[in-house]
Amino acid sequence: MCGIVGCIGIDYPVEYLIEGLKELEYRGYDSAGIAVMDEEDLKVIKSVGKLKNLEEKIKKIKFKNPYMGIGHTRWATHGKPTELNAHPHKGQFGALVHNGIIENYQEIKKKLTKEGIEFISQTDTEVILRLFEYYYDGDALKAFKRTLDEIEGAYAILLITKSDPDKIFFAKNGSPLIIAKNDGKFYFASSDAPLIGYANSAHYLEDGEWGFVENKLHLFKEKEIIPSFKPLPTNKESAKKDGFRFYMEKEIYEQFDVLRENTLGRNTKEGIKFDELNKSFFEGIDNIIISACGTSYHAGLVGKYLIERNAKIRVNVEVASELRYRKPLLNKDTLFIVISQSGETADTLETLKMAKRKGLKTLALCNVDNSSIVREADKTILLRAGIEKGVASTKAFATQVMTLWMLANYLGGINEYDAINEAIEAVKVDVSKHEKIKRLSKRYLHGHGFFFIGRDIFYPLALEGALKLKEISYIHAEGYPAGEMKHGPIALADPGLFVVALLSKNILYEKTKSNIEELVARDATTLTISSEYIEMTDDFIKISGTNHPLVEFFEMMVITQLLALEVAIRMGNDVDMPRNLAKSVTVE
Ligand code: M6R
């Protein structure tokens with residue numbers, strides 16, 4: 001995810017900007033840049049790739065008494081990781097960095113283009129700067145406020161401009177931004193880590209706050225308000241995890257933001273749009289094969305239910321390591337879809353190459369732009385999940401399922417705008433529910449194994465819930481279709497068998513309930529996740545009573561992730577780096 005730094009009133013701002021960006025590297029990025037104001041000019045330096053590339057470029061620049069600057073690390077979401085798309089964006093007389101999403105950027109772009117204003121990047125961010133410069137008529141503060149009044153969405157913004165060269169303008173809505181100070185020096189960052197060691201106290205901006213720093217901080221909401229500075233934390237490692245115990249926990253909590261990013265510009269009131277695709281790409285396609293591994297394979301299974309149901313196209317989902325060696329029959333009327341968080345999974349990549357050799361059209365759903373899979377596929381839909389540090393995939397899975405849902409609707413011409421937004425809301429972590437899961441987890445440490453059960457789309461979710469739990473807790477867990485238990489696995493039922501039942505109100509409710517009853521009758525210990533309370537279960541976690549199964553899906557997904565997390569923490573395991581596993585599996 002992108003990172004922001006800025007500073008004013010210090011002798012050599014370039015040092016803080018670079019050191020600050022280094023502290024944000026852990027968030028992942030594919031380009032970076034800084035904008036520095038010195039006595040001569042506003043100098044913008046950007047580069048693709050690692051920060052050392054940027055540092056090399058900076059070494060060649062001569063600054064004459066620089067006194068303020070802004071910086072940014074970017075993870076490509078809207079537009080490729082190129083220098084033009086990297087921040088800071090430079091306008092006629094200003095430079096700007098932004099984290100978040102400008103939801104109405106296309107409308108603003110259209111309006112400004114009509115006025116003859118040219119855009120040089122593919123980003124939503126550029127519209128903020130262009131709008132500011134369009135409104136500037138000698139009063140930068142007024143133009144900045146007018147810009148803020150017009151943009152919609154989430155943002156943390158820093159802006160510097162030669163037209164008012166002693167101020168840094170800032171604004172925050174939905175994306176984090178912090179202003180810290182020390183002895184008349186002011187520092188900005190999108191999280192604590194860059195600030196530690198430079199400043200001693202910080203004002204954590206609230207949504208709707210904006211203003212500027214010029215010798216002192218001027219902070220506004222409806223009117224000018226007084227900032228409340230608090231001491232900064234001192235532990236950098238904990239600051240990098242935004243105070244969470246593990247990256248995985250942070251990533252579970254991030255899913256709301258990540259899904260908003262994933263659906264931006266794609267889930268529209270008029271239906272699903274993918275800038276990356278055109279309908280002609282699908283001409284002549286009669287069926288789909290999805291190839292993936294692990295969690296991505298589970299997302300693919302959900303995709304099968306959704307695409308067959310919503311688009312009426314036959315789908316087969318294949319474990320890539322099997323597919324690549326079984327000499328499959330591949331025909332040109334098949335669209336070959338690969339799903340991968342990393343874009344580097346060897347088995348998935350090999351199946352993609354195999355499909356291309358056979359002349360199939362290929363589409364990748366991937367989180368890492370420029371990865372091997374993205375380079376190989378004909379078309380790519382980026383997942384926009386940001387870097388995922390926890391080995392156990394969480395937010396990437398959420399974006400994979402969401403992307404498949406949108407793809408199913410795109411192919412089927414179905415508009416579920418409101419349901420998709422409801423599903424995004426459903427992944428917001430309810431802290432009291434998390435507390436309950438934390439308490440409950442202590443009862444699930446000593447059995448002889450777990451079954452996760454569900455039907456329909458809740459079956460792949462059961463597989464994924466079981467995978468999450470076994471990966472990080474090292475407890476045996478299996479996912480099963482609820483209706484299949486009686487064909488063998490129910491022989492294991494006794495009080496030491498823990499069953500997590502995903503009981504949807506909307507799909508096969510009575511049938512799944514009967515499957516739970518069968519397990520209860522054989523004394524299995526059951527934890528039911530549902531909106532409908534059932535008396536017989538040992539433990540119960542309530543979800544909201546939505547009428548859409550995918551909204552239930554996403555809410556249950558978060559609960560299974562938190563359950564795995566809390567059990568693993570109680571077992572004393574390193575949740576982010578489980579034994580024997582690697583984040584990117586580049587070997588067979
Ligand atoms: O990067 P990919 O999505 O291709 O990775 C596939 C699997 O290796 C991955 O999902 C793995 O199962 C994770 N450890 C799941 O948490």
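Guide: Ring pairs join Phe144, Phe169, Trp210, Phe212 and Phe220 into a cluster; rings of Phe, Tyr and Trp (its six-membered ring) count as a pair if their centres lie within 6.5 Å, and the pair is stacked with planes under 30 degrees apart, edge-to-face over 60 and tilted for the rest. The model is predicted, with pLDDT of at least 70 required for local features and 80 or more for side-chain atom pairs, while totals for chains, interfaces and linings use all residues. Residues are numbered from 1 along each chain as its sequence is written, and side-chain values use heavy atoms, leaving out hydrogens and water.

One member of the cluster, Phe212, also has the charged end of Lys167 over its ring, 5.2 Å from the centre. A charge sits over a ring if NZ of Lys or CZ of Arg is within 6 Å of the ring centre and within 35 degrees of the ring normal. The charged end of Arg579 likewise sits over the ring of Tyr474, at 3.9 Å from its centre.

Across the whole structure, a search finds 26 aromatic pairs. Among them, Phe132 and Tyr136 form a tilted pair, with 6.4 Å between centres and 40° between planes. Phe132 has 1% relative accessibility and so counts as buried, whereas Tyr136, at 23%, counts as partly exposed (buried means under 20% relative accessible area, exposed over 50%, partly exposed in between, with a 1.4 Å probe and protein chains only).

The rings of Phe458 and Phe553 have centres 6.3 Å apart and planes at 45°, so this pair is tilted. Because Phe458 lies in helix H16 (residues 458–473) and Phe553 in helix H18 (residues 549–570), the pair ties together parts 95 residues apart in sequence; helices are DSSP runs (H or I, at least four residues), numbered from the N terminus. Both Phe458 and Phe553 are buried.

Terms used:
Helix = DSSP H or I, 4+ residues; strand = E, 2+ residues; numbered from the N terminus.
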